[in-house]
Amino acid sequence: MTTVTKWALGVAVLVVALLVALLTTRGGDAKSAERATGDLTAVRAQAALRPCPAPSAAAAAPDLDGIQADCLGDGSRLDVGRVLGGGPVLVNVWASWCQPCRAELPVLDRYATQPGAVRVLGVQVASPAQDGLGLLARLGVHLPSVFDGAGPAGPIRTALKVPATIPASYLVTAGGQVRFVANPRSFLTTDQVRAAVKDYS
C-alpha cells in the first residue's frame, strides 16, 4: 500500500467519524430541545391515550372544583372537578417511577374496557409528563390521564390528600363525594376493581 493510499484511507476514516459524531450530536440536541420546550407530540402519538372526559353537565365534584390540569394525551386544559362531576368515576393516582403502579395500570386499563365499568381517570403525579407517556406507551395502557405536575405536591394530589405511598385510588360518587379506596390499596385483578367500585359507590 502506497503512502498516498494510506493517507487517503486515513482521511476517509476521519471524515466518516466526524459525520457520525455530527449526526449523533444533532440527534441529542433535538431530544434536549424537545425536553426543554415540553414538546410531547411524538410521545403522545406513541402513547395513543383515550381522550380525557368532557366536562359533565352535572354539578362538579366539590373537593376538586376549579382545579385545573392538563390532559396528558393532548395537552388540553380542563377543570378536574367538572370532569369528575356526574360520577361514579374511579380516579387512580400514579407516577412513572412507581413499581406497583406499573402492575396496576394495565389492570385498570382492562377494567375500563369491560361492559358495565365506570369511567376511569388516571392522575400522573411527581414525575415528568414525558416519562409518564413513555411508561404508558411501553405498557400498552391507553387510560385517559391528567398531569398533576412533576413536583411533589400538585393541586390534585393536595386536594385529595394523597398518601405518601402510591398508587392510590378514589371513587368519586354520583353525588360528588370523593372516597379513598383503602381496600385493596393496589388492584391486581379486574374483579378487585369491580368489587371496590361497588363497595365505595
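Strand β6 is joined to strand β7 (residues 178-180) by 3 bridges, and the two strands run antiparallel. The model is a predicted one, in which local features need pLDDT of at least 70 and side-chain atom pairs count only at pLDDT 80 or more, while totals for chains, interfaces and linings use all residues. Residues are numbered from 1 along each chain as its sequence is written, and side-chain values use heavy atoms, with hydrogens and water left out. Strands (E, at least two residues) and helices (H or I, at least four) are DSSP runs numbered from the N terminus, and two strands are taken to pair if DSSP finds at least two bridges between them.

Strand β6 spans residues 168-172 and is mostly covered, with 5 of its 5 residues buried (buried, under 20% relative accessible area; exposed, over 50%; partly exposed, in between; 1.4 Å probe, protein chains only). Both faces of the strand are covered. Ala168, Tyr170 and Val172 are buried on one side, and Ser169 and Leu171 are buried on the other.

Counting bonded cysteines along the chain, the disulfides follow the pattern 1-2, 3-4. One of them is formed by Cys52 and Cys71, with sulfur atoms 2.2 Å apart. This link is right-handed, with 95° about the S-S bond. The pair connects distant parts of the chain, 19 residues apart: Cys52 lies in the loop between α2 (41-47) and β1 (68-71), and Cys71 lies in strand β1. Cys52 counts as buried because its relative accessibility is 15%, and Cys71 counts as buried because its relative accessibility is 1%.

Cys98 and Cys101 also form a disulfide, and their sulfur atoms are 2.2 Å apart. The torsion about the S-S bond of Cys98 and Cys101 is about 85°, and the disulfide is therefore right-handed. Both Cys98 and Cys101 are buried.

Technical notes:
Disulfide = S-S within 2.5 Å.
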